[in-house]
Amino acid sequence: MGDQKGIETERAPLGITIKGILSLIMSTIDEKKGRRVISLGMGDPSAYTCFHTTPVAEESVADALQSQNFNGYAPTVGLLQARIAIADYLSRDLPYKLSSDDVYITSGCTHAIDAAITNLYRPGANILLPRPGFPIYELCAAFRHIEVRHFDLIPERGWEVDVDAIEALADHNTVALVIINPGNPCGSVYSYHHLKKIAETAEKLRILVIADEVYGHLAFGKNPFVPMGVFGSTVPVLTLGSLSKRWIVPGWRLGWFVTNDLCGTFKNPKVVERLKKYFDICGGPATFIQAAVPRILAQTEEVFYMKTLNILKQTSDICCRKIKEIGCITCPHKPEGSMAVMVKLNLSLLKDVSDDIDFCLKLAKEESVIILPGTAVGLKNWLRITFAVEPSSLEEALGRVKAFYQRHANQEFKY
């Protein structure tokens, strides 16, 4: 087991989502003060003008809509041309070629998560989830009556997976383990070697891997992004992704559920039939958005991707620098990807703050700054800070956090 000394863990109340907790925190703000609210809680970069999708994406959607060719129903698994384009896009980073039959189009990555968990259900099943992690997995599992078991991510090792914990938790009823890479909420990016070790562990346990890659390619540190599908010949992999983050269009709700499985588990006719019936029930995103996908994936220029990465690298650096000025929080690992970082809250340095939720509620009320309490993602008395924010707003927000700390600092300690 990895060293988790000093880390307290706690599940968020069932049914409380990140959006729900942030709405609760937002409700404490006194709008009469007239102070600008700055949110470091929600990972929606489109709220800031420095983050903007590529013109080809907007043009592709507009052209598809104005063509009047996509006003009817799409196949429930998705438009064929979009599925082919997604298969080709993901295959660029794989040692084998995906086909359109491997791709199912979803209404964002949340829909893809539900598709994965629903189709893995069997009586008595359990699933292994990372802690900290994305709470929608727990919520979906609860609705499908699948038991959740948590394995820890180790901050001192760049939030790597505690592989020994996976082996200890798994049993004959374990159906899958979830890997989020690049990491939300931690900002981690796993190396090829670490992902290979995870794949080999899953193969040994005879379970599949759900690879949440909604932040795919948003890596700006020492490790390049490696898709889990690279190890599809070792273990069956379900790859979940979307346009949301890399193209900065979370409201478009265009995601994918992809089977990376050279062993053919997901080619079984009964499995394929079950998947298609699920999508017959749920459907997918707007047809004209699907129709825009081939052009978006084929024609987005590299300069757009690099601009996004450069801004995220800049804002992550600002975040880490400003955190060092705030005595009550520490960052155990500098983010190397995605759009968020986890920081540890030291309550002993605060005189009238009881826990991470209390910290975030009081911070919002006094400073009009929104931060997500770590309890929401599984770590009590930690905080998740989103740095996909306009640089000057991020500087101002963390300056307000510093002022909040100074007002609430335990006078026995100097800051």
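**Rings, burial and helix packing**

Trainee: How should I read the accessibility of W382, and does the residue count as buried or exposed?

Mentor: W382 counts as buried because its relative accessibility is 3%, where buried means under 20% relative accessible area, exposed over 50% and partly exposed in between, with a 1.4 Å probe and protein chains only. The model is a predicted one, in which local features need pLDDT of at least 70 and side-chain atom pairs count only at pLDDT 80 or more, whereas totals for chains, interfaces and linings use all residues. Residues are numbered from 1 along each chain as its sequence is written, and side-chain values use heavy atoms, with hydrogens and water left out.

Trainee: How many aromatic pairs does a search of the whole structure find?

Mentor: Rings of Phe, Tyr and Trp (its six-membered ring) pair if their centres lie within 6.5 Å, and planes under 30 degrees apart count as stacked, over 60 as edge-to-face and the rest as tilted. The search of the whole structure finds 12 such pairs. In one of them, W159 and W382 have ring centres 5.4 Å apart and planes at 70°, so the pair is edge-to-face. W159 lies in the loop between β5 (147-154) and β6 (160-161) while W382 belongs to strand β16 (residues 382-386), so the pair ties together parts that are 223 residues apart in sequence; strands are DSSP runs of E of at least two residues, helices are runs of H or I of at least four, and both are numbered from the N terminus. W159 is buried, with a relative accessible area of 0%.

Trainee: Where do W247 and Y305 lie?

Mentor: The rings of W247 and Y305 have their centres 5.8 Å apart and their planes at 80°, so this pair is edge-to-face. W247 is in the loop between β9 (237-242) and β10 (255-260), and Y305 is in helix α10 (residues 302-323), so the pair ties together parts that are 58 residues apart in sequence.

Trainee: At what angle do the axes of α11 and α12 cross?

Mentor: Two packed helices are described by the angle and the distance between their axes. The axes of α11 (residues 356-367) and α12 (residues 391-408) come within 10 Å and cross at roughly 110°, which makes α11 roughly perpendicular to α12. Axes are lines fitted to C-alpha atoms, for helices over the stretch in contact, with angles from 0 to 180 degrees between N-to-C directions; under 35 degrees is roughly parallel, over 145 roughly antiparallel, 65 to 115 roughly perpendicular and the rest oblique.
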